Protein chains: 4
Amino acid sequence: MTTRTRGRPRNADADRAILEATRDLLLADGYEQLTIQAIAELAGVAKQTVYRRWPSKARIVADAVLGGYLSTGFEGRADAASSTPGMGSSREPDDLRAWLHAAAIQLSDATNVTIVRALAAAAAESEEDATRLYSAFTEPGRRQLLALLRAGVERGDLRADADLEAAADAIQGAVLYTALARRPPQVEHLDSLADVLFAGLEAR
Amino acid sequence: MTTRTRGRPRNADADRAILEATRDLLLADGYEQLTIQAIAELAGVAKQTVYRRWPSKARIVADAVLGGYLSTGFEGRADAASSTPGMGSSREPDDLRAWLHAAAIQLSDATNVTIVRALAAAAAESEEDATRLYSAFTEPGRRQLLALLRAGVERGDLRADADLEAAADAIQGAVLYTALARRPPQVEHLDSLADVLFAGLEAR
Amino acid sequence: MTTRTRGRPRNADADRAILEATRDLLLADGYEQLTIQAIAELAGVAKQTVYRRWPSKARIVADAVLGGYLSTGFEGRADAASSTPGMGSSREPDDLRAWLHAAAIQLSDATNVTIVRALAAAAAESEEDATRLYSAFTEPGRRQLLALLRAGVERGDLRADADLEAAADAIQGAVLYTALARRPPQVEHLDSLADVLFAGLEAR
Amino acid sequence: MTTRTRGRPRNADADRAILEATRDLLLADGYEQLTIQAIAELAGVAKQTVYRRWPSKARIVADAVLGGYLSTGFEGRADAASSTPGMGSSREPDDLRAWLHAAAIQLSDATNVTIVRALAAAAAESEEDATRLYSAFTEPGRRQLLALLRAGVERGDLRADADLEAAADAIQGAVLYTALARRPPQVEHLDSLADVLFAGLEAR
DNA sequence: TTTTAAGCGAGACGGTACGTCGTGTCTTGTT
DNA sequence: AACAAGACACGACGTACCGTCTCGCTTAAAA
């Protein structure tokens, strides 16, 4: 009843082929070199078929990056959320360290760095989508982080009145900064960060 | 001696005109819409004159952003480095708060947000320049931050063995993240961040 | 059957508009000043539409000159072929004279001289097309000439074993030479030429 | 006395180097591809040095073609004028045939055809120089031809009142036509032409 | 001598056109 | 309707030459 399905139905394979082609080209050449023309060609699809489904390059990339075809963030794949390493550890700073170590490992993979860069470029282009894009991208990791910190509060390790959002911003920001600036993430610094934040949040 | 100046020398005015035109167009339309053609036209210069001096749009933007024609970072203008608010305050967390407040104020100016976005886009495009670009961009602010933190260490407010680099990464990363994600910076969160970090770094 | 017409068909109006624009610009400024850019603009067509149909300026000019949009030769318009002056005259040298007079009249028109020059320039540029271009250009006139000479043979005025091709070469060559060298064609010389050739071809 | 020779005198070697470079490039790539930039580079000379001496590409080519650096016509090199084959023969048609055979031989050399084409292109470009260019180019051969025909008149072989200019036009025009249209010159036709013209000019 | 005037190599400069590429839209015929 | 194919107007790309204009330097005649 919602929308009458008249005429020839859209080919669902096309969506997948387009997103897959987008991913491949993105990893090969980067966001700027990516063209809708090339996506259509690689996907074996007419250009119009792409335009019929997405309004802009930024949106295609957003779906390709966030839609499960790619690792969805520097914090881990969406489907890996439940198996975050360190969750449930008895000591808080170990959990934080483990999370940051996992992030560091992901960022040592060039593929993931490319994805982060593509996302930044897409967000820079599309004024109104930037917030949506970043929040979608960082959401899974953020949920993990906050869960982890809240567990610390409940255990009594961390202050009850701590601003966990601010801490999460600092952590994810530091990781994002590292990725964008293409500085190889240094585990010692991340450990120090975990320690400082833990100390700052610690219950007295 | 080094390299004989042969032939007609380059017109120094052209450099300035090009960078100024780049700045104006960048603020008006954003990085993606910026074209070298338009830069040349606005600068009153032949296209070839631009190509003779810069190899890519990313490099022009880098120079325009970093070369003193624009505020050189979300942390403050290069020429404002000495007048950083709060420097020399007697209490550490006040200094940190003041610095973050200044950053927040800068990011509430759409102009500066545009610059940060342009920088992210330029860095995403140019693989090898990204590090150079980000470090040049964040360097002034980073120097301020570290000076501020070191002063705290010397006063005895902060731990002598604290990893100040890690703290600076967290702070600048958080601010960058906020800017890129286009979330209006919220002063309360920044204050919390200052507090947490201070607590974590505090001498016992 | 041959080749399935797939995709959007080409706009036939564009062809005409392009050739017409080419003709106008050619007559106004000459071959060297002619640019594909200007052709496209005057034709109200995108540059790419021109490049999609012709591989070079020389080819466009060839089609513009030969395609019926211009007088197709210094010997007469294609559609004037049947009304060649003098055809059917009872005396051979009069026919030849009339033909040469017509050629002289055409070459006293600056437009036609411009066309001949454009043709020479286009032929000079395009190695392999030169033969095609010249033969297409001179074919109509040559047909007239040969018909005229053959009529003379049949009437018994001219030798049966005369090399009419050689005579036609001499006549067309002389006219072409005159046109290219931009020497105003002198009727007396042309008359002399007709007389000499007639005398040389005459049946004894 | 007229123009005081003040300042540094022009380097005569440059003229030669420029014309030589022009010739080489012309033969290699043709008139259209020839650029003043390339000439200067190949000649080892600054662009301005070329512009100081010649006002246009057409003029440089004219001098290069006519100035003794190249065979100066399809009828023979300037310095070969005196040794024209067949001159002084006892029978007129043999002289004419010999002259045309020599022309045919020259046009079977691709170099000379290229030169003729370059000349035609240069003449097409430069409105006012065309006459000068063609007459300079064809003058040596024309002199030979007319001398040859006049000798026939004096011997009594040819009519005293014959229009020798018209005959020369026909001959040179036929040869030029052949060269430009890039039709391999056919000796039989040229022989026929000689015969027809001789017969037409013959004293009764 | 010292000036003055021009030539010269080098190369920047404002232009203009090149031929290509990608955009997003628009016909075609076919499914 | 969607789709593959491909034409289309548009506009930018990066390059090549145009003809002119500084530069620093050289070369000779005039002062």
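A residue is taken to be near a strand if one of its heavy atoms lies within 4 Å of it. In this predicted model, 45 residues are around DNA strand F, and those that come nearest are Asn11(A), Arg53(A), Tyr51(B), Asn11(C) and Arg53(C). By class, the surface near DNA strand F is made up of 12 nonpolar, 16 polar and 17 charged residues. Helices that each supply at least two residues of this surface are α3 (47-53) of chain A, α2 (36-43) and α3 (47-53) of chain B, α3 (47-53) of chain C, and α2 (36-43) and α3 (47-53) of chain D.

| Residue | Protein atom | Atom of DNA strand F | Distance |
|---|---|---|---|
| Arg52(A) | side-chain N or O | phosphate oxygen | 3.0 Å |
| Gln37(B) | backbone N or O | phosphate oxygen | 2.9 Å |
| Arg8(C) | backbone N or O | sugar or linking oxygen | 3.1 Å |

Turning to the protein interfaces, the contact between chain B and chain A takes 37 residues from chain B and 38 residues from chain A. About 3,500 Å² is buried between these two chains, with carbon and sulfur atoms giving 58% of that area. Glu32(B), Tyr177(B) and Val196(B) supply 18% of the area that chain B buries against chain A, more than any other three residues. Between chain B and chain A there are 8 residue pairs in polar contact, both residues being at pLDDT 80 or more, whereas the count of salt bridges is 0. At least two residues each of the side of chain B that touches chain A come from α6 (110-125), α7 (130-155), α8 (164-180) and α9 (187-201) of chain B, and α8(B) gives the most, with 10 residues. That side of chain B has 17 nonpolar, 7 polar and 13 charged residues.

For chain C and chain D, the contact takes 37 residues from chain C and 38 residues from chain D, and the area buried between them is about 3,500 Å², of which carbon and sulfur atoms give 59%. In chain C, the residues that lose the most area to chain D are Glu32(C), Tyr177(C) and Val196(C), together 18% of what that side buries. The count between chain C and chain D is 0 salt bridges, alongside 8 residue pairs in polar contact, both at pLDDT 80 or more.

Notes: Residues numbered from 1 in each chain as written. Chains lettered and ligands numbered in written order. Predicted model: local features only at pLDDT ≥ 70, side-chain atom pairs only at ≥ 80, totals over all residues. Heavy atoms only, no water. Contact = heavy atoms within 4.5 Å. Buried area = accessible area lost by both parts, 1.4 Å probe. Salt bridge = Lys/Arg side-chain N within 4 Å of Asp/Glu carboxyl O. Polar contact = N/O pair within 3.5 Å; in protein donor to acceptor, adjacent residues only side chain to side chain. Helix = DSSP H or I, 4+ residues; strand = E, 2+ residues; numbered from the N terminus. Nonpolar A, V, L, I, M, F, W, Y, C, P; charged D, E, K, R; others polar.
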